[in-house]
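Here are my notes on this one, as numbered points. Have the model open while you read.

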Amino acid sequence: MGKDGRGKRRILLELFLTFGKIGLFTFGGGYAMIPLIQREAGENRRWISEEELLDVVAIAESTPGPIAINAATFIGSKTAGVGGAVCATLGVVLPSFLIILGVSCVLQALQGVRAVRYAFWGVRAGVLALILKALWSLFRQCRKRWFEIAVMALAFAAVAFGRVSAIPVILASGLLGVACSRAGRAKR
């Protein structure tokens, strides 16, 4: 196989291992993975810029499926095409699948053990910290004009206090953004 083939295999393996590490060492779902994706895919490997990561998070949240899988698929595709998308997606999914398979085999027996319950409480607290870090990081990178702040506040209030499903809030926020963008272009 030529030099290009070895390079392609190397990047596919890198995608698989990088997203495998993200999937293995991040508990709590996609939002908890965002800081690790930012560090590994953005800062360390330069597969994606900070601005692109914001777009990936927005698109991954707006499309069906878990955010981590959508983000991995997008970054893998951007980096190495369809093969990259497959490798990154498998990398992020496989650790969780194997862990859940293993845990499900022994969870019933360990369910009553106090140390196990405390360990899960600790993991939940750690996951909350990761989610808050991701939120802070994304907030710092967003433009902070009155419109974005108003949409953010309304979306938060609707989901947190109004018990509105996230799906219509995401769709409405996107539509408001498009309308505001078009209105801004019309004024020029």
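1. Start with the largest cavity, which is lined by Gly30, Ile34, Ile37, Leu53, Val57, Ile67, Ala68 and Ala71. A cavity here is a set of points on a 1 Å grid over the protein atoms alone where a 1.4 Å probe fits but cannot get out, and lining residues have an atom within 4 Å of a point. Helices α2, α3 and α4 (67-110) each give two or more residues to that lining. Seven of the lining residues are nonpolar, one is polar and none is charged. (Ala, Val, Leu, Ile, Met, Phe, Trp, Tyr, Cys and Pro count as nonpolar, Asp, Glu, Lys and Arg as charged, and the others, Gly among them, as polar.)

2. A word on what you're looking at: this is a predicted model, where local features need pLDDT of at least 70 and side-chain atom pairs count only at pLDDT 80 or more, while totals for chains, interfaces and linings use all residues. Residues are numbered from 1 along each chain as its sequence is written, and side-chain values use heavy atoms, with hydrogens and water left out.

3. How much space does the largest cavity hold? Its volume is about 30 Å³, counted as the space filled by probe spheres set on the grid points, which are joined across faces, edges and corners. The structure has one cavity of 30 Å³ or more.

4. Two of those helices are worth a look together: the axes of α2 and α4 come within 8 Å and cross at roughly 35°. (Axes are lines fitted to C-alpha atoms, for helices over the stretch in contact, and angles run from 0 to 180 degrees between N-to-C directions.) On the α2 side you'll find Gly30, Tyr31, Met33, Ile34, Ile37 and Ala41, meeting Ile67, Ala68, Ala71, Ile75 and Val92 of α4; contact means heavy atoms within 4.5 Å. Ten residues of this contact are nonpolar, one is polar and none is charged.

5. Now the largest pocket, with about 1900 Å³ of space. A pocket is an open set of grid points with protein on both sides within 12 Å along at least five of seven lines. Its lining has 41 residues, and the closest to the centre are Ala58, Cys142, Val151, Met152 and Ser173. By class, the lining splits into 25 nonpolar, seven polar and nine charged residues.

6. Which helix gives the most to the lining of the largest pocket? That's α7, with eleven residues. At least two residues each come from α2 (30-44), α3 (50-62), α5 (114-141), α6 (146-160) and α7 (166-187).

7. Check Thr18 too, in helix α1 (residues 3-25). Thr18 counts as buried because its relative accessibility is 2%; buried means under 20% relative accessible area, exposed over 50%, and partly exposed in between (1.4 Å probe, protein chains only). Leaving out residues up to four places away in sequence, Thr18 touches Glu40, Arg45 and Trp47.

8. Last, the whole chain: seven helices and zero strands. Helices (H or I, at least four residues) and strands (E, at least two) are DSSP runs, numbered from the N terminus. Of the 188 residues, 27% count as buried.
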